[in-house]
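Hi,

Here is the model I said I'd pass on.

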Amino acid sequence: MSPKKIVQAIGLAFCISLGAAHAYAATPASVLPAHARADKITAPAASLGFELGEWHARPEQLVAYYQLLASQSPRVQVKIVGYTHERRPILNVIITSPKNQVRLAEIEAARGRGESDTPLVVYLGYSVHGNEPSGANAAPAVAWHLASSTDASVNEMLERTVVVIDPMLNPDGLARFASWANAYRGQTLVSDPNTLEHNQSWPSARGNHYWFDLNRDWLWLQHPESRAHVATFQAWRPHVFGDFHEQGTDATYFFQPGVPSRTHPLTPQNNQSLTETIAKFHAKAFDARGEFYFSREGFDDFYYGKGSTYPDVQGSVGILFEQASSRGHIQDSRNGLLKFEHTIANQITTSLSTLQAADAMREQLISHQKNFFEEAKKMAAADTNRAMLFAAEGNPARLRDFANLLKQHGIAVHQVKGNVSINGQRYDARNAIAVPLNQRQNRLLEGITELRTQFKDNTFYDVSAWSITKAYDLASAKSAGDVIGDPVLDLPKASLKAESNIAYAFAWENDDAAPLLAELSQTGLRLRTITKPMRIQTSAGVKDLGIGSIVIPVAMQSMSSANVAEIVRKATANYSVEVMALTSGAGSTGVDLGSASLKTVDRPRVAMLTGAGLDSTSVGELWHWLDTHLHLPVTQLNLDRVASVHLERYTHIVMADGNYRLSEEANKNIERFVKQGGVVIGVEGAMKWASSQSYLHTKLVKGEGVKKSEVDDKKSDEKKTEEKKPKESRLAYKDQDANAAKELVAGVIFETDIDRSHPLAAGIPRDQLPVFRAQADVYKLEGDRYGTVAAYSSSPVVSGYVSAENAKRIAGSAAFTAERIGSGSVILASAALGFRSGWLGSRRLLENALFFGKAFEKARVEGNDENED
């Protein structure tokens, strides 16, 4: 179909205007596209009970409607491809001609194997952010249009196209927001931006159940929603992916391309050319309706972990759509009165213009995807290397999780053939994997593992670095040899090989060790951790136990040795950790089992601070880690209750990133908690809180590059005289955003130097550990030269953008500190140790803080104090 005919077709479909400034109609006009239709197909309002935009549709209402469509139309199939954390179904609504539906499984299988270029596949994903609901409320109209239209143009398009609709990428978030907006909707609509309807309370509904931004989880796949979306993407290999979002109320409508200079270098230029051509269809559709829009500014195409950019490195064309948000049902904006039904209509417009553009450009899109993978094969064939090798010695669970992540992205993973040594690092089938470079997904592999410090444009909408290799803290190298063995199999679970009447022990290097310890800590067993290395006799021979290894002393338990063995056997069966039966308490080297250097590991009873002012995504990351990885009960303690709660109920207080405006009584309560034996674990913004507490020695270091508003104590700045200030030169107005970006730490990977003799460094495999941080504050621990467990190295930037001034300031500063206060301790990190739940390497420091938070001591002269835990 020609662009002119397309515009005519969809231009007639919408006649919605903003209307008079005070026309608060409670019942909107229908936003459905106009077309000749089959009467037997139920329109959304007849199923929902209201016109689209009149109320916010709830996920269960939408699911029921799509299932109704599938029962009425031979064009529609609904597949449940997963369930959210709250057990809501994740849907694929697949719409194509009845002829294609009959052989849909065959078409999908061929597409997934890369054996078929046709039919054209368009994947439309709506409302990955729950509080951006216009997309999810537009999706039923799009599905109804495709299911019911008898127009020849629609029938012909569906003969050539499979349309895969994910009608709500974030059902849990959407449910929270619909509940909020509907709860505060009156019969007379209120457009005042200050009304409660438009101001959802913390933590908002942007994220999923764990408050994650699912649009940042396309690479990490930490959540069932993301795993389902990526599985759909890999199964269908769509030619076009539409990603429907919302932006600020005072904006208009954005569609890609974004800022040209902020496109990732691995994205082919033809991808951007196709995006530009598709954009013309959107522009003409909006012009026909008299709508304003913008493109090529504000948003980028750089980070491959977003829904609109993930496709670009896989032969698809990803397109971001951003509609100005009404948030509730109607809201005042600088462009006039913005109604919910109007935002829905705009999303319908670009949904249909995407389909029309794809159909008109089908040969170009098919050719682009085919050429993309052929070019990737040529690049791999020209490379003298045959494989990338990744090693995680002593940590089979880390390697298992990494291999599984790659396989979910369609990347083939193999065992290493033979024994390979590169730059002193050993790679073999026991501790490493080999990823062939000559495979369809080699460009995605490069995109998710690359390290980059030079950029065409230093402004970033999201992070500037995301190497999964560094996040998992894996050794890696490329090899030109014959190193590719059999495909990787699933890692077997361990089993208890022998029983002991002395003790059991397991090493701490394996990522499965922490959840195993967490499970054991809930059983009532008395547990110990080793703070000095030892060599001990086991039923399988002499074994070395490093710092952090866990000992389960049988004689110290309040139960029989048989019961101890049964508990250990049952817990061990869930993990890949080898639990050893010790046959002697005497260490052949190092300490003995009775040494005071073996410290008690208590059952964690965790209170996690929550509430307004804190970064909900940071809180959610920590909650997700404690809940789903360690399976520990977590008390979510609101900031306004800290002053009154009896904190002795807990062993740990966890403080995420954010602004802690705690009362004096609350701070005193936390101080008492620490001095009486509690452990505080804080990350990022929590260090600023710590620096303001007189009993702690963590202090903010002021210096150039830290904004004045970010410094707690401004008195020293006020003492500076005007004469000492450098003369400021004149700058161009147009450069202010770019210059401001230079002051930021744009989501960067830094290298830290680790003191591996410290108990809180247990299980870290090397003297250097990569961490992720996105803030410029610099801290130090005063008065304790032994308490900085990790400091940023002298040349700390591994990947990402940071100004030379900020890099210099960060070098040598504290990354992870531990301070004993009274009977307790305060453990702090200036990095996001569990960033997006994908940073498994630095997450080990969080696990150490949780379980070994009091296993370290202040320096003392031996003999002055009793050796006690």
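Let's start with histidine 414, whose bridge partner in S16 is proline 487. Before going further, a word on the ground rules. This is a predicted model, so local features need pLDDT of at least 70 and side-chain atom pairs count only at pLDDT 80 or more, while totals for chains, interfaces and linings use all residues. Numbering runs from 1 along each chain as its sequence is written, and side-chain values use heavy atoms, with hydrogens and water left out.

Strand S11 (residues 414-416) and S16 are antiparallel and joined by two bridges; strands count as paired if DSSP finds at least two bridges between them. Helices (H or I, at least four residues) and strands (E, at least two) are DSSP runs, numbered from the N terminus. The whole sheet is open and antiparallel, with five strands in the order S15-S10-S14-S11-S16. Strand S15 (475-479) and strand S16 (484-487) are the edges, each pairing on one side only. From one strand to the next the twist averages 35°. Helix H13 (residues 396-408) lies across strand S10 (387-391) and strand S14 (432-436), at about 15° to S14. Axes here are lines fitted to C-alpha atoms, for helices over the stretch in contact, and angles run from 0 to 180 degrees between N-to-C directions.

Next, strand S3 (residues 120-126): seven of its seven residues are buried, so the rest of the structure largely encloses it. Buried means under 20% relative accessible area, exposed over 50%, and partly exposed in between (1.4 Å probe, protein chains only). Leu120, Val122, Leu124 and Tyr126 point one way from S3, while Val121, Tyr123 and Gly125 point the other way. S3 pairs in the parallel sense with strand S4 (residues 161-166) over six bridges, and leucine 120 stands opposite threonine 161 there. With strand S5 (residues 240-247), S3 is again parallel, over five bridges; tyrosine 126 stands opposite phenylalanine 244 in S5.

Those two rings also belong to an aromatic cluster, in which ring pairs link Tyr126, Phe244, Tyr253, Phe255, Phe286, Tyr293 and Phe321. Rings of Phe, Tyr and Trp (its six-membered ring) pair if their centres lie within 6.5 Å; planes under 30 degrees apart are stacked, over 60 edge-to-face, and the rest tilted. By this rule there are 30 aromatic pairs. One of them is tilted, because the rings of tryptophan 218 and tyrosine 310 have planes at 40°, with centres 5.6 Å apart. These two residues are 92 apart in the chain. Tyrosine 310 is buried at 0% relative accessibility, and tryptophan 218 at 2%. Tyrosine 304 and tryptophan 466 make an edge-to-face pair, 6.3 Å centre to centre with 80° between the planes, and they link parts of the chain 162 residues apart.

Aspartate 172 is buried, at 0% relative accessible area. Its side chain makes a polar contact of 2.8 Å with the side chain of threonine 84; that means N or O atoms within 3.5 Å, where within protein one must be able to donate a hydrogen and the other to accept it, and residues adjacent in sequence count only if both atoms are side-chain atoms. A polar atom of the aspartate 172 side chain also lies 3.2 Å from the backbone nitrogen of glutamate 86.

Cheers

How values were computed: Contact means heavy atoms within 4.5 Å.
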